[in-house]
Amino acid sequence: MRVYDMAKEYGFQSKEFAEIMKGMGIPVKNHMSAVTAQQEKYFRNNFNKEAYLNSLNDKNPSKKEGPKKEQPKKQPKEQQTKNKPNDKKPEIITERKPLKQEAKKVENKQVKPKENKGNDEPGVVVIYDKDKKPAKKKPNAGNKHYNYDAKEESDSNVKGEKFQKKKPDNKTPNKSERPQNNNKKKNKNKNKKDNKKEVVPKFIDNSKRSKKNKATYKKKNKQEREERQLENSQVTEITIMEGVTVGELAAKLNKAPTEVIKVLMGYGVMAAVNQSIDFDTASIVCEEFGVTCELEDENQAMDDLFDTHYQNEDELVKRPPIITVMGHVDHGKTSLLDAIRHTNVISGEAGGITQHIGAYTIMIKDEKITFIDTPGHEAFTAMRSRGASVTDIAVLVVAADDGVMPQTVEAINHAKDAGVPIIVAVNKIDKPGANPDKVKQELTEYGLVSEDWGGDTICVNISAKKREGIEELLEMILLVAEVEDLKAHPTKKAIGTVIEARLDKQKGTVATLLVKSGVLHDGDIVVCNDVFGKVRAMMDDKGNKVKVAGPSTAIEILGFNEVPGAGEKFFVAENERDGRKYAERRKAIMKENALKKSGPVSLDDLFNQISEGELKELKLIVKADVRGSLEALSQSLEKLNDNDEGVRVSVIHGGVGAIAESDVALAAASNALIIAFNVRPDANAKAMAMKEEVEIRSYNVIYHVMEEIEKALKGLLDPEFKEVVVGNAEVRETFKVPNIGLVAGSYVTDGTINRNDKIRVIRDGVVIFESEIASLKRFKDDAKEVQAGYECGIGVENFNDIKVGDTFETFKMEEIERE
Ligand SMILES: Nc1nc2c(ncn2[C@@H]2O[C@H](COP(=O)(O)OP(=O)(O)OP(=O)(O)O)[C@@H](O)[C@H]2O)c(=O)[nH]1
């Protein structure tokens, strides 16, 4: 039996159950761990669910704290149902005197004034177990999904009303908690007003305060305000965004805008309050005021914005997992996605969902799963290259008759690099040659050990064609999702990722968005990097018009002013003005960055990047001609981890054979550089490397690789010479010429073949020989150079094994100017 089976039986979440078992001394690793018959027996004999649940309640210090009369006599119905003991562990009550600046930290706990016992100082706070607090209605943070039924929503006249959390009811049912002053009405109104804000802690029970106390309080308050102001006026450090406006800067400096304008004028810069200034100018102003300023990291700001959704754990609700299906070509990704669509029971539609957009949500056992319907790596790479981890779980499809293939390995590396759990779907088990065990065996080489072999990778045997094993796979997805504990905020303004976007002649910009947290409403102002717009229309995965979209939902929207990039994060702005401002600022920054772009990782510039703190990990992709070299190289490279520079060297992907487009894509996405050991990129890969500015370093001696990287880490690599490829030619025929040897009738595909350049012979992407050009002829005449598009005869010094289909690469060493 497995932990999760028993968890189900006992009615616990797998995670919690594993903890319980561990607590009883049963050595389980996680929910997937198998439990021996003996352990199971021990558990069954010794575990008392009731006692356990009671012990949880005992831990609830409200009892310690509390005279029973403080509890409401009867809990409201809703609260009662939510207080199911295994829903959540109760929170600890603490009693403390909060400092002002700590107010934020407790902001989201429920705070109520401590009963005035006469000797109370203002500022005493009691944080109560929220489950025990009466009449406070909270969204079910545990197991229930919020209902985002768009149709219901559109019936409602109040936009978003359904998704607003019920406000805490401050008409406390417990008499002892009620304010005791005479001015009840006023106080009630005040409470009402307070409730409109997010939960603001109230530290002071002013209901029983005498006039004298009030005066003291006022005085104290004033004093504190003044202290705060003084504190603020002594700003010493600020962070500002590129393109900050004069007004914004003044506010951050705690100065009047006119003061800032004056300073600017002193430097000959005429700028009005709403005008943007660049960071350098802003830092001069800051210097004048004795304030140090730092450029705000835009990505950080975005991360922070996203983080606000997850700050208050008790406000979060469970969200469906988002899945990407990956695997080698023809192993059945598309068939699996099709099979899943047909297994779907969300709408009971015959033939499954008619899909309209690049993602769809299915329902299994009352739980939703969202699939990103872009099989393969493109989605993954595009998403990740922009730093958005869209996928929660990767399903790796491996054909049982074919086993682990190069793209399988790539997919594993992609998922690992993104830190996403992998579920293996061993497909085509219906085929006569199918051997699922062989697949499992091969996967162990890549660190994926199937759970029935003692590992923790879930492998499910399926036949996408015969639609077998699909439900089990979906259940496993839900299981992993449960362990991943995926949560989202049910009501905040939406954040998420653009899955794809295009320009439609009639409709304008059409973008598919995946809401990660919060709710997107029709009419919202969405901002995605440098583009923004008002959502004009929203359509779900079945083509229905909708008004709202909750977490893990994909929708197609109209309204962006330009086409946003796939994989880009989006958020909802307060209003159009803010949205436009943000997008315009991003545009300006991007323009500026493009001008001073330092480019992706390059060995020559490695030291600078390390020194500037931009690089903490040097990621490498190693491609070699034979497995032996690959292993030797990878092992040697890992040894470079012991460097004094504190830079981790990691080989994120290794393979045998020519460098393919997918290698370059992975390098671009992960900011890696490619080490080519006796291999070359194919034409597409080469073009992509140029476009993506991925550096490919070629070597033929392992020692040289190590030496160069070591030097680069230390900043000693400043090569005086650099290899420059000058031309490429294809061998179309070969001739034996007396006294000369073998001559290859070749066609120059690009560049120029110069008689004096060096030459390499490449076969199937692998360098098989390197030498000088022995002869270069146009027809019968010797030639000094032959341009692309012409034919010529090429002889290679000391090499007569040229074959039709080989390619030549000619190169020269060029001197590099030292900086
Ligand atoms: N016998 C059998 N054939 C399958 C199964 N799943 C897929 N196939 C076949 O395998 C071939 C490839 O399937 P696809 O679903 O197109 O594979 P893919 O991985 O999406 O391929 P690409 O999109 O080209 O990367 C098709 O001919 C499918 O009919 C299966 O479970 N059993």
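Trainee: Which helix gives the largest share of the shell around the ligand?
Mentor: Good place to start, and remember that this is a predicted model. In that model 17 residues surround the ligand, and among the closest are Lys-333, Thr-334 and Ser-335. The largest share of the shell is three residues, and they come from the helix spanning residues 333-343, which is α14.

Trainee: Which strands are the edge strands of the open sheet of six strands?
Mentor: Write out the order, β10-β11-β9-β12-β13-β14, with mixed pairing. The twist averages 30° from one strand to the next. An edge strand pairs on one side only, and that picks out β10 (359-364) and β14 (458-461).

Trainee: At what angle does helix α17 run to β13?
Mentor: Find residues 436-444, which form α17. This helix lies across β12 (393-399), β13 and β14. Its angle to β13 is about 150°.

Trainee: Are α21 and α24 roughly parallel or roughly antiparallel to each other?
Mentor: The axes of α21 (residues 627-639) and α24 (residues 702-714) come within 10 Å and cross at roughly 25°. Angles under 35 degrees count as roughly parallel. The two helices are therefore roughly parallel.

Trainee: Which residues of α24 make the contact with α21?
Mentor: From α21 come Ser-629, Ala-632, Leu-633 and Ser-636. By class, the contact has five nonpolar, two polar and no charged residues. On the α24 side, the residues are Ile-702, Val-705 and Met-706.

Trainee: How is α1 placed relative to α2, roughly parallel or roughly perpendicular?
Mentor: The axes of α1 (residues 3-10) and α2 (residues 14-23) come within 9 Å and cross at roughly 105°. An angle from 65 to 115 degrees counts as roughly perpendicular. So α1 and α2 are roughly perpendicular.

Trainee: Which residues of α2 does α1 meet?
Mentor: α1 brings Val-3, Tyr-4, Met-6, Ala-7 and Tyr-10. The contact has eight nonpolar, one polar and no charged residues. In α2, they meet Ser-14, Phe-17, Ala-18 and Met-21.

Conventions: Residues numbered from 1 in each chain as written. Predicted model: local features only at pLDDT ≥ 70, side-chain atom pairs only at ≥ 80, totals over all residues. Axes fitted to C-alpha atoms, helices over the stretch in contact; angles between N-to-C directions. Helix = DSSP H or I, 4+ residues; strand = E, 2+ residues; numbered from the N terminus. Parallel < 35°, antiparallel > 145°, perpendicular 65-115°, else oblique. Contact = placed C-beta atoms within 7 Å. Nonpolar A, V, L, I, M, F, W, Y, C, P; charged D, E, K, R; others polar. Pairing = 2+ DSSP bridges. Near = placed C-beta within 6 Å.
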